[in-house]
Amino acid sequence: MNAQPKASHFVDGAYVEDTAGALIEVMYPATGEVIATLHEATPAVIEAALASAKRAQGAWAAMRPVERGRVLRRAADIIRVRGAELARLETLDTGKPIQETVVADWPSGADALEYFAGLAPTTTGETIPLGRDFVYTIREALGVCVGIGAWNYPSQIACWKSAPALAFGNAMVFKPSEVTPLGALKLAEIFIEAGLPAGLFNVVQGRGAVGGALVTDARVAKVSLTGSVPTGQKVYAAAAAGMRHVTMELGGKSPLIVFDDASLEDAVGAAMLANFYSAGQVCSNGTRVFVQKGIKERFLQRLAERSNAIVMGDPLDEATQMGPLVSKVQLDKVLAYVQGAVAQGARLVCGGAQGPKGGWFVQPTVFADVADGMTLACEEVFGPVMAVLDFESEAEVVARANDTQFGLAAGVFTADLTRAHRVIGALQAGTCWINAYNLTPVESPFGGVKASGVGRENGHAAVQHYTQIKSVYVGLGPVDAPY
Ligand code: NAD
């Protein structure tokens, strides 16, 4: 299998290589085979990326929003036309099954490009009457933005960050995760084909230090990170030193609460989606599944039946429903959590072992009788490991659901409309679902509270994170000076 790009980086409209940078080997998670070899960005590559972004941004911001939008819409069209080829690359990069990458990853990126293409021309300032005088406001671009991605949705993340950045007149230098560096390079190619002027979307590869060099550069106005909480704390602090804007999309340990009166099949299906989609490597996953005692055993029985039927295997086979984890590091981490849960007394309902040989597979795994203090209930696993916890009353489950440093997402399953809204109102989470889970249409703002993040991606909410307001006071009368 070969997925070698033309070069490691994409700067100022072209592929760029600098073999002085440390090696990055890209492995196909289903086999461990090396499918591409890249180099980390050297200081010279980083400098070229930031300089060309800075150079290109002014003219782009000066264009009519409808013209900028047209470029983004063309990029969305190209992504859709090349859907099959891009999905295959995403599967090679991440190990996710092709049945997911065809419908979820690049398609949601195309949605973001289309959405912000339409939003840009309709985003305006306001006029504030002051009697004789008035104020008007302008929503201006921030300048050069840095995007730093995680490895779980590499192409979606690149699109979700670049679409609003570019739509509102910014440039973006994007650093993908070193684990999944391939998709962002394709996006850079597609933007050029769609007519984006060179320099406005540059891709530089590297590990944390390359991200660190971008975040602290004086030319950078904003940093948008998708990653873990510890990385978020470092990047937020580094950005703060330069008074830069930030968007932080970080981790979670989100509650999914299932009341006795919920539709059992729907709740089971949602809990599976909330833990097994992308082999559990989704930040907003509902990994603490609180099930009311009355339906607990029936819930666990259906969950085990349906989980045991999940088809694992070759991610390129359309019949495969679950692929491997992204890396050996992640495999070892997830297996350690499984062993820890057993040692701490959780009841293994299904799974718990490695999957098909040769790749970094873990079976869909469910633990019952998980207590709040167990590691499995407190830490983000980022693998297909569901923790089921029992509860009796609404007040109890709300308090327990909120007893975490995280606040990314939450879900409630119940037939009681009043209770659904009451519980969601009481949960400390930025992104919530009622009788659904993990649906993230671009129209809806996405992001977390507490340690899970700052700011929002998508929806109208993203406008304020990629623009700044200039207020202009217009005096229409004589200046009344006291001296
Ligand atoms: P990570 O924090 O290890 O790395 C994220 C990115 O930050 C990578 O590109 C990495 O190279 C870079 N980085 C690391 N140290 C840095 C530093 N000091 N300065 C600048 N950049 C640095 O996360 P990961 O393992 O790639 O991804 C998994 C995590 O991402 C999980 O915690 C998951 O919940 C989170 N995530 C959140 C969202 C969301 O939208 N909230 C979405 C996807 C993933």
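Start by selecting R219, which is partly exposed, with a relative accessible area of 23%. Keep in mind that this is a predicted model.

E47 and R219 form a salt bridge, and their closest N and O atoms are 2.7 Å apart. Follow the chain between them: E47 is in helix 1 (residues 43–62), while R219 lies in the loop between helix 8 (208–215) and strand 10 (220–226). The two are 172 residues apart, so the pair links distant parts of the chain. E47 is partly exposed too, at 39% relative accessible area.

Next, select K161 and E457. Are they buried or exposed? Both are buried. They form a salt bridge, with the closest N and O atoms 2.9 Å apart. K161 sits in helix 6 (residues 154–167), and E457 in the loop between strand 19 (453–454) and helix 16 (463–466). This pair is 296 residues apart.

Move on to R422 and E394. Their side chains meet in a salt bridge of 2.8 Å, N to O. R422 belongs to helix 15 (residues 417–426) and E394 to helix 14 (residues 394–402). R422 is partly exposed at 44% relative accessibility, and E394 is partly exposed at 21%.

Now pick K296, E297, R347, D369 and D390 together. Salt bridges that share partners join them into one network. The count for the model comes to 27 salt bridges.

Last stop: select R64, R70, R73 and R74. What do they form? They make a positive surface patch. Zoom in on R73, in helix 2 (residues 65–81). R73 is partly exposed, with a relative accessible area of 41%.

How values were computed. Residues are numbered from 1 along each chain as its sequence is written. This is a predicted model: local features need pLDDT of at least 70, side-chain atom pairs count only at pLDDT 80 or more; totals for chains, interfaces and linings use all residues. Side-chain values use heavy atoms; hydrogens and water are left out. Patches are made of residues with over 30% relative accessible area and no salt bridge: like charges are joined within 9 Å, nonpolar side chains (Val, Leu, Ile, Met, Phe, Trp, Tyr) within 5 Å. Accessible areas come from the Shrake-Rupley method with a 1.4 Å probe; for residues, only the protein chains shown count as cover. A salt bridge is a side-chain nitrogen of Lys or Arg within 4 Å of a carboxyl oxygen of Asp or Glu. Lys and Arg count as positive and Asp and Glu as negative; His and the chain ends are not counted. The place of a charge is taken as NZ of Lys, CZ of Arg, CG of Asp or CD of Glu. Helices (H or I, at least four residues) and strands (E, at least two) are DSSP runs, numbered from the N terminus. Buried means under 20% relative accessible area, exposed over 50%, partly exposed in between (1.4 Å probe, protein chains only).
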